[in-house]
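Hi,

Here is the structure I promised to pass on. Have a look at it first, and my notes follow below.

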Amino acid sequence: MDFIRPREDYIESYRDAILEDLMYRAHGERLFADPDRVVELAKQFEEGNFLPEGYVKQTTFWLVEDGRFLGEIGVRHALTPALLQYGGNIGYEVRYSEWGKGYGTKMLSLALAYCKEVLKLDKVLITCDDDNYASARVIEKNGGVLENKVINHLERGTVTTRRYFITL
């Protein structure tokens, strides 16, 4: 299993993950991006080039094994007022067919090491929907302490968001 920056040689597997997501979570919120531009955009975001207004630098990692894309995690280098309410420092998604196998927990653990060792952060904020029990477990397994729950008004509707901090 490898924790890598997005690479062209995994694009077809990444594309397959998007199709799985569309099939099984047609109305779900998505991290997975346009496979034709994901490598280029990941580099731009990490370098801080051409960021949309309100966005911050972000490092994207993929968890892969045996040529298969398993999941994606984005580490935001800073927090804006909006990210303090929803999104936090880290967002992740595991491909649908790989849910429940511990990959989210593994990716988050590896991302936290990057936050501590490379970004020199002392703590990170991670959020999830209140009813996303799997994500809450992933965060808690990695030392997440629930700070509070807040109401957010998003494009997809009004959601209750759990805000967790992890001390590094």
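Before the notes, one term: a residue is called buried under 20% relative accessible area, exposed over 50%, and partly exposed in between, using a 1.4 Å probe and protein chains only. Please keep in mind that this is a predicted model, in which local features need pLDDT of at least 70 and side-chain atom pairs count only at pLDDT 80 or more, while totals for chains, interfaces and linings use all residues. Residues are numbered from 1 along each chain as its sequence is written, and side-chain values use heavy atoms, with hydrogens and water left out.

Let me start with the sheet. Helices (H or I, at least four residues) and strands (E, at least two) are DSSP runs, numbered from the N terminus. Two strands count as paired if DSSP finds at least two bridges between them. An open sheet is formed by 3 strands, ordered E5-E7-E6, with antiparallel pairing. E5 and E6 are its edge strands, each pairing on one side only. On average, neighbouring strands of this sheet are turned by 30° against each other, direction ignored. Between E6 and E7 (residues 157–167) there are 9 bridges, and the two strands run antiparallel.

Thr127 lies in strand E5 (residues 123–129) and counts as buried because its relative accessibility is 11%. Its side chain reaches the backbone nitrogen of Gly87 at 2.9 Å. Beyond neighbours within four places in sequence, the contacts of Thr127 include Tyr86, Ile139 and Arg162.

Asn152, in strand E6 (residues 145–154), is also a buried residue, at 8% relative accessibility. The side chain of Asn152 reaches the backbone oxygen of Gln85 at 3.0 Å. With the side chain of Thr161, the Asn152 side chain makes a polar contact at 2.8 Å; that term means a pair of N or O atoms within 3.5 Å, where within protein one must be able to donate a hydrogen and the other to accept it, and residues adjacent in sequence count only if both atoms are side-chain atoms.

Now for helix H2 (residues 38–47), in which Val38, Val39, Ala42, Gln44 and Phe45 are buried. Their cover includes helix H1 (11–24), strand E2 (58–65) and strand E3 (68–76). Gly48 follows H2 and has a positive phi, near 80°.

Which backbone angles might you want to check? Most residues other than glycine have a negative phi. Phe50, not a glycine, has a positive phi of about 55°; Phe50 sits in the loop between H2 and E2 and is exposed, at 71% relative accessibility. Asp66 has a positive phi too, of about 50°. Asp66 belongs to the loop between E2 and E3 and is exposed, with a relative accessible area of 78%.

Finally, Phe3 in strand E1 (residues 2–4) is partly exposed, at 23% relative accessibility. Among the residues Phe3 touches are Phe61, Trp62, Met107 and Leu110.

Terms used: Contact means heavy atoms within 4.5 Å. Axes are lines fitted to C-alpha atoms, for helices over the stretch in contact, and angles run from 0 to 180 degrees between N-to-C directions.
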